[in-house]
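I opened this model to look up a few places in the fold. My notes are below, in the order I took them.

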Amino acid sequence: MELKASARTALYLLLFAMAALWLFPVLWIVLSSFKTNNDLYSFPPRFWPEPFTFEHFTAAFEKGNFGRYFINSAIVTVSSTILLLLINSMAGFALAKYQFTGATVLLVGFVSTLMVPLEVIMIPIFKVLSVLGLFNTLLALIIPPAATPTGVFLLRQYLLTVPEELLEAARMDGASEWRIYSRIILPICKPILAVLAIFSFMWRWDDFLWPLIGISDPSLYTIQLALSNFIGEYNVDWGSLLAMSVITMIPVLVVFILFQRQFVSGMVTSGMK
């Protein structure tokens, strides 16, 4: 028993050290955003800002229309996440609970696209959006990531745990397939949908490469594109860049805190059958 207690203590200390190692850069960024310019460039660097100042936050909002950029990012992120949850849940439901020719081939095809990097398909996607007249609109950032192979696979694996008898009983009671999907499948999928919601929110909120390709109008910039404005050809406005980087962390952190319980539950049960 004593050996087990000491081993548990050592494990906790190791996990605490790893957490501190991961959190240190984040804490450094947050504290540096409150430093003066002299403190930012001082050597040796000081961990704690002396004095605390909000000048970089106010300067960043004065230099750019960051309210507009936040709204653009919010529209893209929320719309894309809702669309992703809807399409992926339908596809996962079909692959898990319907028997049809080519279902396995279709699933393998979905999963195999995970090996295709975005850089390979950027030009075809760009051409399709241009033909549809969606280039340089927010729809160009919302529609392409509406379905992901990761989401389809996770939902399919999760729905394999749902007993067929439950769905057959609903059909015998006269429930349509849409009613089964909306009243039975979606409530059951809440944990895994929370996992996908967090992932999708994080992916879309932090996305830089595709908005750089699909948007050229500065009024439609997302927050990540706006951050690049602080990086010039010969210098970097580190104070404003750090301040706005801290602000961009907040929405993702809030979403994770709100859905953390469902996130853990979904990750634990998504692969169980």
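Entry 1. I note before anything else that the model is predicted.

Entry 2. I looked for nonpolar side chains at the surface. Leu11, Tyr12, Leu14, Leu15 and Met18 form a nonpolar patch there. Together these residues have about 530 Å² of accessible area. I then picked out Leu15, which sits in helix α1, residues 2-32. Its relative accessibility is 45%. Leu15 therefore counts as partly exposed, since that class lies between 20% and 50%.

Entry 3. I turned to Asn72, in helix α4, which runs over residues 66-97. Is Asn72 buried or exposed? Asn72 is buried, because its relative accessible area is 1% and the cut-off for buried is under 20%. Next I asked which residues Asn72 is in contact with, leaving aside neighbours within four places in sequence. The list is Leu138, Ser219, Leu220 and Tyr221.

Entry 4. I looked up the largest pocket. The space in this pocket comes to about 650 Å³. I counted on a list of its lining and found 20 residues. Nearest the centre of the pocket lie Leu118, Ile121, Pro145, Thr148 and Arg204.

Entry 5. Which helix gives the largest share of that lining? The answer is α6, with three residues. I wrote down the helices that each supply at least two lining residues: α6 (118-131), α8 (149-159), α11 (190-206) and α12 (209-214).

Methods:
Residues numbered from 1 in each chain as written. Predicted model: local features only at pLDDT ≥ 70, side-chain atom pairs only at ≥ 80, totals over all residues. Heavy atoms only, no water. Patch = residues over 30% accessible without salt bridge, like charges linked within 9 Å, V, L, I, M, F, W, Y side chains within 5 Å. Areas by Shrake-Rupley, 256 points an atom, 1.4 Å probe, with all protein chains shown as cover. Salt bridge = Lys/Arg side-chain N within 4 Å of Asp/Glu carboxyl O. Helix = DSSP H or I, 4+ residues; strand = E, 2+ residues; numbered from the N terminus. Buried < 20%, exposed > 50% of the residue type's maximum accessible area, 1.4 Å probe, protein only. Contact = heavy atoms within 4.5 Å. 1 Å grid on protein atoms, 1.4 Å probe; cavity = no way out; pocket = protein on both sides within 12 Å on 5 of 7 lines; lining within 4 Å. Points joined across faces, edges and corners; volume = space filled by probe spheres on them.
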